[in-house]
Amino acid sequence: MSRTRTTTAAALAATAAIALLATACTGQSGSAADDDPKAKATINFWHGWSAPSEVKAIEENVERFEKAHPNITVKVTSNVTDDKINQALRAGGENAPDVVSSFTTDSVGKFCDSGAFVDLNPFLEKSGIDPAKVFPEALRQYTQFEGNQCTLPLLNDAYGLYYNKDAFKAAGIAEPPRTWSEFAKVAQKLTKPEGDSYEQLGFMPTFHGYETTPGHYAAQWGPAYFDAQGKSNLAKDPAFAEMFTFQKGLIDKLGGFAKLEKYRNTFGDEWGAKHPFHTGQVAMQLDGEWRLGMAKEAGAKFEIGTAPLPVPDDQAADYGKGYLAGTIMGIASTSAQQNAAWELVKYMTTDTDAVVAFSNAIHNVPSTLEALKSPELKVEPGFRTFLDIARHPKSNTTPAQADGGAYQVTLQDFGYAYESGKEKDLKAGLEKTARQIDTDLAKAK
């Protein structure tokens, strides 16, 4: 099960807390990075993983690091929320973290903008590391803000399509759809109405359908969220209107919003055994790489297939791309041992063996180009799809902004209104949403 997912609510809570750091953190000071990385040092590393297997995997990597750096001792604290991290950074002191790992990629803009984390560019340059040669493009996008590389990626989540192979065979469908027009036909063919509900639904298209968020959908259109001046591009880039038009059209084809919402209310918890894909209530699911293991652990009684999400018909050549996100790692600006802290960050995020070992242990996608093609990587059937998505040059993400994930919440709120019919004018709605995002961003800076 992945622990690198972000949630909008968590991102907003973290953003609010990070904002308080702006007056307490001044970024990398002239003396903060003057410590001798070869001197004996003890650094504090805080992370959010809590499952025993995940904590064990982190500790094993730290043990390997300490063996290679016998002068540096790492004190590891697990199961730490962003709220606790922010409180500790404000308070400072010897018990505050030097190195932090967070699940909340949406907070990167604030981490960088507030000075809570130091800019890692000087460290990368000093170490002779070119991020463009180490990390996929999308991962570089969500780990920096306005040129400030205040975090680096620590494993990766890739989003694709899960499908019930038994249901496909019963419906006479030979392979997963590659374009959205094909997808709509397949989803309809897989749907079995039952009165005012369904015996089986081909796909749950609504924005409340767990991972079917506007951002995850929109990635397949390759959108530009902001223009060169940093203004919202929602009403200018046709990708957004095309995505919403397709999504709303699919809702109508599969029975309408009210009927789908009634059926959705019968679904089990997203992270439990009764997830609708596990139970066969839906035949296709947009999800991350973790779903494969969860479905098997839940005892799914059908053969599971994985594939990239479809692309627009006029982008058929780009099939294979998808949405990427992941865990981030940075150095606290309050740390007095930034050079020693950098050695740990460098090891955890750029050492191929370390990244592969961590990926193998917790079944997330590796976050470096070398790790993605390492022969030591354990690739079970179905998982390779997500490695290929992570490597695809057109895979993309939602960019970091000074308001954290607030602009995505604004977009999602519009999506809820449009899919339900409360907002009927798509063009006007996108224009209004763009203005709201611009207003919020201006206040955040």
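Q: If a disulfide is a pair of cysteine sulfur atoms within 2.5 Å, how many disulfides does the structure hold?

A: It holds one, formed by Cys112 and Cys150, whose sulfur atoms are 2.1 Å apart. Please keep in mind that this is a predicted model, in which local features need pLDDT of at least 70 and side-chain atom pairs count only at pLDDT 80 or more, while totals for chains, interfaces and linings use all residues. Residues are numbered from 1 along each chain as its sequence is written, and side-chain values use heavy atoms, with hydrogens and water left out.

Q: New topic: which residues touch the most other members of the largest nonpolar core?

A: They are Phe45, Leu120, Phe244, Met284, Trp342 and Leu344, out of 131 residues in that core. Strand E4 (residues 152-164) gives the most to this core, with eight residues. A nonpolar core is a set of buried Ala, Val, Leu, Ile, Met, Phe, Trp, Tyr and Cys residues joined through side-chain atoms within 4.5 Å.

Q: What is Trp342 in contact with?

A: Leaving aside neighbours within four places in sequence, Trp342 is in contact (heavy atoms within 4.5 Å) with Leu120, Phe123, Leu124, Ser127, Ile129, Leu152 and Ile331.

Q: How many aromatic pairs are there?

A: The structure holds 28, and one of them is Phe414 with Tyr418, a stacked pair with 5.9 Å centre to centre and 20 degrees between the planes. Rings of Phe, Tyr and Trp (its six-membered ring) pair if their centres lie within 6.5 Å, and planes under 30 degrees apart count as stacked, over 60 as edge-to-face and the rest as tilted.

Q: How many residues apart are Phe414 and Tyr418?

A: They both lie in helix H19, four residues apart, which is about one turn of the helix. Phe414 counts as buried at 6% relative accessibility, and Tyr418 is buried with a relative accessible area of 12%.

Note on methods. Buried < 20%, exposed > 50% of the residue type's maximum accessible area, 1.4 Å probe, protein only. Helix = DSSP H or I, 4+ residues; strand = E, 2+ residues; numbered from the N terminus. Disulfide = S-S within 2.5 Å.
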